[in-house]
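This report looks at charged side chains and at a pocket in one protein model. The sequence and the structure come first.

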Amino acid sequence: MNLDDPRAQRSRARLRTAILELAASKEIGSITMSEVAKTAGVHRATVYQHFPDVNALATDAMEDAVEQVARAAAQCPQDAPRDRTPQQLVELFGHVAASAALYRRMLGAQGSALFVARMRERTTSELVRVFREGKRPKGFDDVSPEVHAAYLAGALTGVIAHWVTGDESVSADEMTLAFWRLFRP
């Protein structure tokens, strides 16, 4: 299959839209490829031509969200004052809050391990990139940039997962500040 073919691109776009629509109302683990095909208006074989399973499709459909999380983490000024959250984090947690139901499904117990791994790995690679550009906070020279980045990416992913699957009464601003205080002791 030629992914540059406009028909293939349209099919993939329809499949991404369908999985996100389905994930808004039911757990990822309970969505079938047949449901995706029906919702997208394509034959089931078309779904399998593009994606091996629902998990891969859901993760692909969330790639823009993963990119937004990774970019925000990497652009966050690591030396901002502890009691003033950087705008990038405010926007990131606002984005997650706006799509909380979808993140809850993707990061919850019945969610997508592939998505969690993709979000953590993409955030790690973005942080490593900025650390190598000299934007790493001081005081961590005894730890490799890769380990430092993995630690921060795991923490961010874990806090987001805890937040969206837990107590919904915690606002995005409260969670942003809590994460920043943990991140920037």
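## Basis of the values

The model is predicted, so that local features need pLDDT of at least 70 and side-chain atom pairs count only at pLDDT 80 or more, while totals for chains, interfaces and linings use all residues. Residues are numbered from 1 along each chain as its sequence is written, and side-chain values use heavy atoms, with hydrogens and water left out.

## Arg136

Arg136 sits in the loop between helix H8 (113-135) and helix H9 (145-165); helices are DSSP runs of H or I with at least four residues, numbered from the N terminus. Arg136 is buried but forms no salt bridge, and the nearest side chain of opposite charge, that of Asp141, is 4.9 Å away. Here buried means under 20% relative accessible area, exposed over 50% and partly exposed in between, with a 1.4 Å probe and protein chains only, and a salt bridge is a side-chain nitrogen of Lys or Arg within 4 Å of a carboxyl oxygen of Asp or Glu. Lys and Arg count as positive and Asp and Glu as negative, whereas His and the chain ends are not counted.

A polar atom of the Arg136 side chain lies 2.8 Å from the backbone oxygen of Phe140.

## The largest pocket

Among the 21 residues that line the largest pocket, Gln78, Pro137, Phe140, His148 and Phe183 lie nearest its centre. Helix H5 (63-75), H9 and helix H10 (172-183) each supply at least two lining residues, and H9 gives the most, with 5 residues. A pocket is an open set of points on a 1 Å grid over the protein atoms alone, where a 1.4 Å probe fits, with protein on both sides within 12 Å along at least five of seven lines; lining residues have an atom within 4 Å of a point.

## Salt bridges

The structure holds 12 salt bridges. In one of them the side chains of Arg12 and Asp60 meet at 3.9 Å, N to O, and this pair links distant parts of the chain, with Arg12 in helix H1 (residues 6-23) and Asp60 in helix H4 (residues 54-61), 48 residues apart. Arg12 counts as buried at 14% relative accessibility, while Asp60 is partly exposed at 23%.

Glu126 and Arg122 meet in a salt bridge at 3.1 Å, N to O; both are buried. Lys135 and Glu133 form a salt bridge at 3.5 Å, N to O. Through shared partners, salt bridges join Glu67, Arg122, Glu126, Arg129, Glu133 and Lys135 into one network.

Note on methods. Polar contact = N/O pair within 3.5 Å; in protein donor to acceptor, adjacent residues only side chain to side chain.
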